Amino acid sequence: MKKTELTSQFVAQHQQQFQCPVCGGGITAVTDATVQCKNGHSFDISKKGTLFMINAPVKTEYTDEMLRYRRQMLTAGFFLNRCYRQSFSKSVMVG
């Protein structure tokens with residue numbers, strides 16, 4: 001099952017616990033990857049299965065460029081190799 005489907009299913013089962021951040025109304029419909037309140041405000045579920053019910057942009061200090069470089073570093077395996085080397089050297093010293 002896709003993440004969007006899992007989130008849709010979860011929200012549908014717990015509709016009474018969600019409230020529209022725009023009007024305060026209850027959630028009345030969960031279809032496909034969209035959640036809708038009784039006044040017609042709708043919110044999409046992302047491909048990753050996240051439901052953002054924020055009605056204003058979030059200010060952040062992170063730039064697209066910084067996130068791109070971070071992803072490059074993480075996918076290059078730098079940290080994975082470093083953690084592996086540290087745990088390996090500790091086990092050799094102890095053992």
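In which element is the place of V35? The place of V35 is in strand 2, and the surroundings of this residue are described below together with the rest of the chain. The model is a predicted one, in which local features need pLDDT of at least 70 and side-chain atom pairs count only at pLDDT 80 or more, whereas totals for chains, interfaces and linings use all residues. Residues are numbered from 1 along each chain as its sequence is written, and side-chain values use heavy atoms, with hydrogens and water left out.

The secondary structure of the chain consists of three helices and three strands; helices (H or I, at least four residues) and strands (E, at least two) are DSSP runs, numbered from the N terminus. Read from the N terminus, the order of the elements is α-β-β-β-α-α. Of the 95 residues in the chain, 15% are buried, where buried means under 20% relative accessible area, exposed over 50%, and partly exposed in between (1.4 Å probe, protein chains only). The accessible surface of the chain amounts to about 7900 Å², and carbon and sulfur atoms contribute 55% of it; such areas come from the Shrake-Rupley method with a 1.4 Å probe, and for residues only the protein chains shown count as cover. Among the contacts in the chain with a separation of 6 or more, 30% involve residues 24 or more positions apart, a contact being heavy atoms within 4.5 Å.

The three strands form an open sheet with the order 1-2-3 and antiparallel pairing; two strands pair if DSSP finds at least two bridges between them. Strand 1 (27-31) and strand 3 (42-44) are the edge strands, each pairing on one side only. On average, neighbouring strands of this sheet are turned by 20° against each other, direction ignored; the axes are lines fitted to C-alpha atoms, for helices over the stretch in contact, and angles run from 0 to 180 degrees between N-to-C directions.

Strand 1 and strand 2 pair in the antiparallel sense over four bridges, and T31 stands opposite T34 in strand 2. The hairpin of these strands has two residues between them, and D32 takes a positive phi near 50° there. Strand 2 (residues 34-37) is joined to strand 3 by three bridges, again antiparallel. In the hairpin of strand 2 and strand 3, four residues lie between the strands, and G40 takes a positive phi near 90°.

In a regular strand the side chains alternate between the two faces of the sheet. In strand 2, V35 and C37 belong to the covered face, and T34 and Q36 to the uncovered one. V35 counts as buried because its relative accessibility is 0%. This residue stands opposite F43 in strand 3. Not counting residues up to four places away in sequence, V35 touches V11, I27, A29, V30, H41, S42, F43, I45 and L51. V35 and M53 are separated by 18 residues in sequence and by 9.4 Å in space, C-alpha to C-alpha.

Two residues of helix 1 were also examined. T7 lies in helix 1 (residues 3-13) and is buried, since its relative accessible area is 14%. With neighbours within four places in sequence left aside, T7 is in contact with I45, G49 and L51. L6 also has its place in helix 1, but counts as partly exposed because its relative accessibility is 43%. L6 and A33 are 27 residues apart in sequence, with 9.8 Å between them in space, C-alpha to C-alpha.

F52 is placed in the loop between strand 3 and helix 2 (64-75). The residue is classed as exposed because its relative accessible area is 54%. Together with I54 and V58, F52 forms a nonpolar patch on the surface, with about 330 Å² of accessible area in total. Patches are made of residues with over 30% relative accessible area and no salt bridge, like charges being joined within 9 Å and nonpolar side chains (Val, Leu, Ile, Met, Phe, Trp, Tyr) within 5 Å. A salt bridge is a side-chain nitrogen of Lys or Arg within 4 Å of a carboxyl oxygen of Asp or Glu.
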